[in-house]
Amino acid sequence: MRAFYDDGSSETMTDLAQYRNIGIFAHVDAGKTTTTERILKLTGKIHKTGEVHDGAATTDFMEQEQERGITIQSAATTCFWKNHRFNIIDTPGHVDFTVEVYRSLKVLDGGVGVFCGSGGVEPQSETNWRYANESEVARIIFVNKLDRMGADFLRVVGQVKDVLGANPLVMTLPIGREDDFVGLVDLLSRQAYVWDDSGQPENFEVVDIPTDMVDQVEEYREKLIEMAVEQDDDIMMAYMDGDEPSIDDIKKCIRKGTIALDFFPTYCGSAFKNKGVQLVLDAVVDYLPSPTEVKPQPLTDEAGEETGEVATVSIDETLKALAFKIMDDRFGALTFVRIYSGVINKGDTILNAFTGKTERIGRMVEMHADDRNEIDRAQAGDIIAIVGMKNVQTGHTLCDQKSPVTLEPMIFPDPVISISVKPKDKGGSEKMGIAIGKMVAEDPSFRVETDEDSGETILKGMGELHLDIKVDILNRTYGVELEVGEPQVAYRETITQGIEDSYTHKKQSGGSGQFGKIDYRIKPGEIGSGYTFSSSVVGGNVPKEFFPAIEKGFRGMMEQGPLAGFPVLDVEIELYDGGFHAVDSSAVAFELAARGAFRQSMPKAGPQLIEPIMHVDVFTPDDHVGDVIGDLNRRRGMIKDQMAGNTGVRVKADVPLSEMFGYIGSLRTMTSGRGQFSMEFSHYNPCPATVSENVIAAEKERKAAK
């Protein structure tokens with residue numbers, strides 16, 4: 001909002017061309033958070049650099065983050081570089097927390113993808129890259145940790161091409177390798193930057209290109225220019241005629257191609273050793289888009305369908321903003337908001353388009369990790385936090401009362417794993433309820449429900465680590481000690497054959513009765529379709545006003561399948577005939593008919609148990625590949641791919657979630673602690689008969705015990 005000067009004065013910034021809303025994302029341990037720390041140091045936001053391995057990084061401020069050395073929740077911060085305002089979000093790398101990456105990308109205009117110089121394109125890099133592609137976010141690439149053993153910049157560039165299918169535009173080349181990495185050559189300017197051993201980012205010299213690199217620099221510079229000039233026909237024609245374009249013209253072409261996602265400017269360095277980060281900051285200014293240069297957010301109707309209108313980024317438009325994150329901290333509830341158009345002033349009353357209720361803006365803050373600066377005004381392009389909003393949740397649109405609109409909502413994946421929890425002491429129940437309420441508001445991929453039979457609280461999440469962290473937060477942050485049950489897999493049920501059937505609901509008891517007759521077809525639906533209902537009734541045998549009640553009756557029964565009471569997926573129901581009574585028929589009668597029809601027909605339609613299959617991506621040193629593959633096969637895994645790298649092999653497989661509990665311990669044992677893996681939900685598959693029988697028997701036994 002404000003640019004601050006050495007004399008303490010400030011002025012309101014309104015030039016959107018000088019805004020950069022960027023995310024920093026990558027695989028676990030590629031150095032995202034360290035890179036963010038260096039950026040904050042270089043831009044004067046912090047004066048002492050904190051280290052992840054010491055548990056002192058600015059943006060990793062949760063206890064759990066500091067202990068485990070990983071980022072769990074995205075952190076927002078604001079800083080300035082060369083008169084440009086950067087709103088930066090440091091996102092988690094672990095697959096269990098990709099919801100944080102997804103919702104951050106949703107509100108960003110550009111990103112910095114960080115890759116480890118020795119690890120290269122690792123499992124989670126692919127997931128994050130795919131999310132960024134889906135969100136159409138322009139990116140630059142920073143190949144980090146070039147001081148590491150086994151680091152190889154050009155090998156990582158090759159992986160970006162081969163594994164990600166992306167087009168890296170090499171902008172710098174490293175001087176030296178591993179321990180001898182001392183600096184880099186900027187291909188555009190043909191300048192070499194060499195840092196001393198002090199570790200201070202400003203302690204570098206601009207020197208001549210090392211003689212043994214001159215030919216390589218010219219080769220890569222030519223490739224750079226050839227790729228860049230394809231963005232402008234006139235410049236390209238002049239280049240083909242022998243006229244080399246000016247640096248400014250090349251930069252214009254690179255900017256155009258970066259924003260169009262045609263290529264990704266690629267830099268190298270070592271964030272930990274403070275080498276090369278300045279050039280990445282310059283690249284953010286030079287090549288990543290301002291808020292006005294990206295495709296505007298689409299507006300939708302109440303059903304979530306796009307209306308064809310968009311939220312034009314301008315301070316002159318009416319207010320349109322998206323709440324993308326809720327966070328509860330020591331100061332109270334914070335709602336993180338990306339403003340797409342218009343202005344918010346302290347004291348304004350705004351509309352939550354989702355709830356239809358208004359909220360008054362009390363306090364607004366500019367975030368710097370877990371510190372904040374109070375502000376009175378925010379505008380299009382800003383990412384800010386609003387304190388104390390009561391009924392706003394992730395994905396809600398905030399807008400002008402007189403011009404209600406809805407921005408494209410966020411869609412979050414369903415959890416695939418659950419655990420039961422109960423407080424160790426009776427006094428903990430109320431405390432646990434309040435704490436879980438706050439945590440569910442913060443994390444849309446974390447769900448909670450109460451088991452009606454046992455009264456147990458069931459926590460649902462995206463993986464073992466996800467739920468492990470939640471239990472840890474309940475214990476330490478909220479002081480609730482829990483007894484935790486064994487992890488449970490989110491099994492589902494479906495059907496394997498179509499049937500045609502009829503059901504009549506008839507009840508006569510003093511006064512008016514109930515009557516509803518339906519003729520229907522039930523058949524397996526498309527994979528991933530969930531539940532679909534249609535009607536082909538002609539001639540009014542079932543009046544149209546009863547169709548919603550029938551649909552509601554069937555939908556309500558999908559929560560509990562006929563085999564073991566798991567929710568039912570991928571079923572199509574067609575109502576094709578029926579009958580009604582002029583006096584006794586009602587919506588309630590037809591809803592009850594649909595419920596009875598479900599109970600009658602589903603057991604006859606070849607019900608089948610299906611289980612969640614996870615896409616598992618394992619990295620293992622070469623000498624343990626056989627053990628890892630053999631172990632995945634024993635876990636009923638299907639090996640999909642193997643890729644040899646410099647430091648080991650990546651094995652990709654589809655494995656049932658039920659076989660993956662405790663896998664990290666087994667992998668570490670097999671690989672002497674050197675293996676890594678990530679997994680994410682892929683699809684549901686039919687369970688083998690033996691597994692199905694055991695699961696159904698165990699579920700019936702569990703229910704009987706209650």
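Q: In this predicted model, buried means under 20% relative accessible area. Is Cys-253 buried or exposed?
A: The cut-off for buried is under 20% relative accessible area. Cys-253 has a relative accessible area of 3%. Because 3% falls under that cut-off, Cys-253 is buried.

Q: Is Cys-268 buried or exposed?
A: The limit for buried is again under 20%. Cys-268 comes out at 0% relative accessibility. Cys-268 therefore counts as buried.

Q: How many disulfides does a search of the whole structure find?
A: A disulfide is a covalent bond between the sulfur atoms of two cysteines. To count here, the two sulfur atoms must lie within 2.5 Å. The search of the whole structure gives a total of zero.

Q: Is Val-310 buried, exposed or partly exposed?
A: Val-310 sits in strand β15, residues 306–311. Its relative accessible area is 37%. Buried needs under 20% and exposed needs over 50%. Val-310 lies in between, so it is partly exposed.

Q: Which residues does Val-310 touch, not counting those up to four places away in sequence?
A: Touching requires heavy atoms within 4.5 Å. With residues up to four places away set aside, Val-310 touches Pro-296, Gln-297, Pro-298 and Leu-299.

Q: What span does helix α13 reach from its first C-alpha to its last?
A: Helix α13 covers residues 587–601, 15 residues in total. At 1.5 Å a residue, the expected span is 21 Å. The model is close to that, at 21 Å.

Q: Which elements do the buried residues of α13 pack against?
A: The buried residues of α13 include Phe-590, Glu-591 and Phe-598. The buried residues of this helix pack against β32, β33, α12 and β35.

Conventions
Residues numbered from 1 in each chain as written. Predicted model: local features only at pLDDT ≥ 70, side-chain atom pairs only at ≥ 80, totals over all residues. Heavy atoms only, no water. Helix = DSSP H or I, 4+ residues; strand = E, 2+ residues; numbered from the N terminus. Buried < 20%, exposed > 50% of the residue type's maximum accessible area, 1.4 Å probe, protein only. Expected span 1.5 Å × (residues − 1).
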